[in-house]
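Good morning, and thank you for coming. Please look at the sequence and the structure as I show them.

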Amino acid sequence: MDLWSTVPGVRPSSINQALFQGLTSKRSDFQTALMICRDDGTKRATSHYPVTACLVPICSLHGAAVTTVEGVGSIKTRIHPVQERLAKCHGTQCGFCSPGMVMSIYTLLRNHPEPTPEQIMEALGGNLCRCTGYRPIIESGKTFCRMAEDPNKRRLTFQGERTTWITPVTLDDLLELKVNFPKAPLIMGLSYIKFKDEFHPVFISPLGLPELHFVTTTDDEGERQIPLNGPFLERAPEANLKSEEIVLSISIPYSTQWHFVSGLRLAQRQENAFAIVNAGMSVKFEDNTNMIQDLQMFFGSIGPTVGSASQTCRQLVGRQWDDEMLSDACRWVLDEIHIPPAAEGGMVEYRRTLIISLLFKFYLKVWQGLNKMDPQKFPDIPEKFQSALEDFPIETPQGIQMFQCVDPYQSPQDPVGHPVMHQSAIKHTTGEAVFCDDMPSLDQELFLAVATSTRAHAKIISIDTSEALSLPGVADVITAEDVPGDNNHHGEILYAQNEVICVGQIICTVAADTYAHAKEASKKVKITYEDTEPRIITIEQALEHNSFLSAEKKIEQGNVEHAFKYVDQIIEGEVHVEGQEHFYMETQTILTIPKAEDKEMVLHLGTQFPTHVQEYVAAALNIPRSRITCHMKRAGGAFGGKVTKPALLGAISAVAANKTGRPIRFILERGIDMLITAGRHPLLGKYKIGFMNNGVIKAADVEYYVNGGCTPDESELVLEFIVLKSENAYYIPNFRCRGRVCKTNLPSNTAFRGFGFPQATVVVEAYINAIASQCNLLPEEVNEINMYKRTSKTAHKQTFNPEPLRRCWKECLEKSSFYVRKQAAEEFNQKNYWKKRGLAAVPMKYTIGVPIAYYNQAAALVHIYLDGSVLLTHGGCELGQGLHTKMIQVASRELNIPPSYIHLSETSTITVPNAVFTAGSMGTDINGKAVQIAKAFEESISLSATGYFKGYQTNMDWEKEEGDAYPYFVYGASCSEVEIDCLTGGHKVEGAFIQGMGFYTIEELKYSPEGVLHSRGPDDYKIPTVTEIPEEFYVTLVRSRNPIAIYSSKGLGEAGMFLGSSVLFAIYDAVTAARRERGLSKTFAMSSPATPELIRMTCVDQFTDMVMEVPAIIAPYKGFQVLGLDLITTTKLNFKNFSFLTQAWWHMPAIPVAREAEAGGSQVQN
């Protein structure tokens, strides 16, 4: 059998491009997609290991057995227990990552049939999921784990009349048995028993211990040894490998009694992240002293090679290991280890701080080791500093979900209210759920690649496509000249013409027979520019140039200016909240098929708004919408990123299909997707708050500015949401909020889960915290003092009842034992200088729907066939949220038939025309109503019926600044506890909450001053992994009724996003505790996200001071900047637990210098 036939997904026509590319492009961006099986070279054993398909060169698989998810199990034959349990544990939503999760767990089981929870965590650590929050995936894996028991109880023991046979389960267990039965023989085979006529009362058989199954041999012929020292690590030519040499082995000698070695590392997240700084250090003392005999220090991730502090080490030889030595070492290392001002990755001051912070950690570790060797001569480090040396372990998370049970009198056939498995879950886990790129190749199909702008604002002088057109496989190059209709529809530009207005704007596309050919040709398009001023990148620059995309939006109640005159205190401040990348698992993917007749065009794509795609394609081709068909089967995640962007990309694809007359497959690579499509709006909030000394807020004047990018997109609607929701849960009698959308030379930001609310309410909670600090109150006390207490009107004069809000808040504080934990955290902080804990609780009043009535309508189509089966179609899109599953539940109840009788295939503009977008947590509400209404028609008319739901009648009059803008409210509260490491700043829970936690902590977009996005992939942009979720995560759905929504539905898909901010404010609380102990101001400017850098640099100490005393000449990394941050910091977050109403508890690390006092005690040296 030839190699290609063993590799599913690789067509012979793509052999050349597969040689050095990944095995398959399908769903392999960050997921394990294959299991590889090889023998160990001796033909005696085989090993199984998971691989990420896109990273495996095809030729490297020669001689290997390759298993894809299709080979594990199939709905056509038999599904594997891994696939079944992942589906039934609700571990799949959009399903795009599910095959990777299956392969990771399956491979683990092949190697370890009874894995431990820790092995499950490790196996899943390399996979990313944006939907589930990981908990249900872990739970499915844990169903295969053996129960954790005492190893002594796990021993396999056979007791005979005269002898006992014992099988140990661990190496430690074996060693213990050897101590207890020193004469007992070890049995590894049968020959001993059969041929030795000896009696032994005990036999020990360690057959199952893997440690005893490996043998290594050495052969010195043709080998030479190279010292693994500074010159080697710095890649000095005389110390490096010769070109004809390879590394055969590494010999690591045991350290001697007075020799200490340590490796230290800090990264943006615990796993699958390059180190920000790492260090390896070794010190050897003269026997029985702390006199340095030899010292070595190496630092990585500070430049192109490892940095050796050899000069510092030589100067310190002969010195005593004490605080004076440490002080000199820190200063000398900063002088010797040079980080270039334009170093890749930036963060120069932070990395310099980390260098000496890690050195200090090593200092403490060594001092602790000296103390263990001779407690009399070397006193232990103060107890207050010891927590600095405790690493945060990766724990298997635990969690509880509490929700309302189904009425016991409800018909067993009625599925409404039951936690039903996702309709496509089994297909997700077997890999048989069809996404756009899974659709088979079409005859004469072409691939599309884009040529984008490299300038933020410039005139296009010329476009030379001649070289691109001459390359093999290239069919055509498409530009603005080829658009038969509207190239600028509602302000959204398909192909740049005459000028470019952002980096990443599409100038032309190349159509070719393979994607590799198209991509190569796109690089050969020569574009000449002439830069244009102004180039506006940040909100501040937009304000300076008065550059806006829309008019101001404002709401106001009371008399703000008058109220400011009669308050005890007034505070003013600014808060910056950075943007966020959607990072859906399936990038934008479109298959466009031109029809032979009547200029018809068919598109298959993943979108939240097929009608919008239809509109843009029709406008671009200048044909009626009725000739454009959009099919939407499912999307591999969306989160708002597939509301408007697919329309623009669909139109671009359709223009190419129209020009070439051939099908076009248009799939964006991850980096291109991130560059072109942008994401959440960065926000600048300015506030002026008047309040009384008891914490009561009397007046608030708030301004919001969002970075909209270069075209309108959804920015004005996002701003309206921000302004209308700007009060959150608080009644402020005199309240004014204004907002503007800034026009900048960045790709246009768009809809994202929460639609502006997660950014805006950070500002609200920031001024709540500032008031608490001024009044010497807890923020939670200020929350409660100002929270709505009775049926009231919002600032835009919509009536609501806050009783569910207050119930959520009360239950959250009670279930999290907030005040008990707060006291415990304060006691912990008093005992620990370098680690601090913080707690925060936040309430939430979130509105569902859109303040424009026609966006709340929906339609459905129901066909009943003569055999009793039902075909259901509606206008909503399946994005992983289980919308189709819920619609089947609705139809099942309304038609009084089992769900198995109902089939729901896809969303299409043919079956349900003019459908609105699936967003804003409204999909179930409005489409469910439409399905319900369709059933009513069916009862009296025919076996085919259309149901139309007019929608909630919302309205907002911006001139009067009032209106019933939203159909209803949902409420929540969350509480998080965090522990931070003030020295390093590393980070250590469900669906939207996890996505929100990432937004507020580690997800960081980095642009240059020229408007170039540097964080364009998983190497540079970090979303939470399985190791970032809380160790304990509790979710409670508080029972309540919603009379206006179908079956009391509540739209919660987006609301949980903001609840992740409790983590952000818990970090603030911990940082405040650290600053307070250091005699620093309690109030300080901290923005979002609270990255390790931001936290570390805000926890000011002697190390940050030392870096500032010897400042590096800072130049932006290739022009690097983070949009909207006013200061920089760091911390290591270790999430302890979280509860969702909600509650969460976290942990982070920290460190001071211990000096022996004259009286024999110790003190902190600052």
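Predicted model: local features only at pLDDT ≥ 70, side-chain atom pairs only at ≥ 80, totals over all residues.

Arg 837 lies over the face of Phe 828, and the distance to the ring centre is 3.8 Å.

Let us turn to pairs of aromatic rings. The count for this model comes to 35 aromatic pairs. One of them joins Phe 360 and Phe 1103; this pair is tilted, with 5.0 Å centre to centre and 40° between the planes. Both Phe 360 and Phe 1103 are buried. Another pair, Phe 757 with Phe 1058, is edge-to-face, at 5.3 Å centre to centre and with 75° between the planes. Why do we call Phe 757 buried? Its relative accessible area is 2%, and buried means under 20%. Phe 1058 is buried as well, with a relative accessible area of 1%.

Next, the nonpolar cores. Which residues touch the most other members of the largest core? They are Phe 299, Trp 321 and Tyr 767, in a core of 180 residues. Helix H12, residues 348–373, supplies the largest share of this core, namely 14 residues.

Cys 131 brings us to an annotation. In an unreviewed entry, UniProt places the feature "binding site" at Cys 94, Cys 97, Cys 129 and Cys 131. These positions are spread over 38 residues of sequence, yet they cluster in space, with a largest C-alpha distance of 9.5 Å. Cys 94 is in the loop between helices H2 and H3, and Cys 131 is in the loop between helices H4 and H5. Cys 94 is buried, at 4% relative accessible area, and Cys 131 is buried at 6%. Beyond residues up to four places away in sequence, Cys 94 touches Cys 131, and also His 428 and Phe 435, among others.

Finally, helix H7. Its buried residues are Asp 173, Leu 174 and Leu 177. Seen down the axis of H7, they fall within an arc of 100°, so they line one face of the helix. On the other side of H7, Asp 172 and Val 179 are exposed. An α-helix has 3.6 residues a turn, so residues three or four places apart point the same way.

How values were computed
Residues numbered from 1 in each chain as written. Heavy atoms only, no water. Buried < 20%, exposed > 50% of the residue type's maximum accessible area, 1.4 Å probe, protein only. Helix = DSSP H or I, 4+ residues; strand = E, 2+ residues; numbered from the N terminus. Arc of directions from axis to C-beta. Core = buried A, V, L, I, M, F, W, Y, C linked by side-chain atoms within 4.5 Å. UniProt positions renumbered as here; feature names shortened; annotations may be inferred. Contact = heavy atoms within 4.5 Å. Phe/Tyr/Trp six-rings, centres within 6.5 Å; stacked < 30°, edge-to-face > 60°. Lys NZ or Arg CZ within 6 Å of the ring centre and 35° of its normal.
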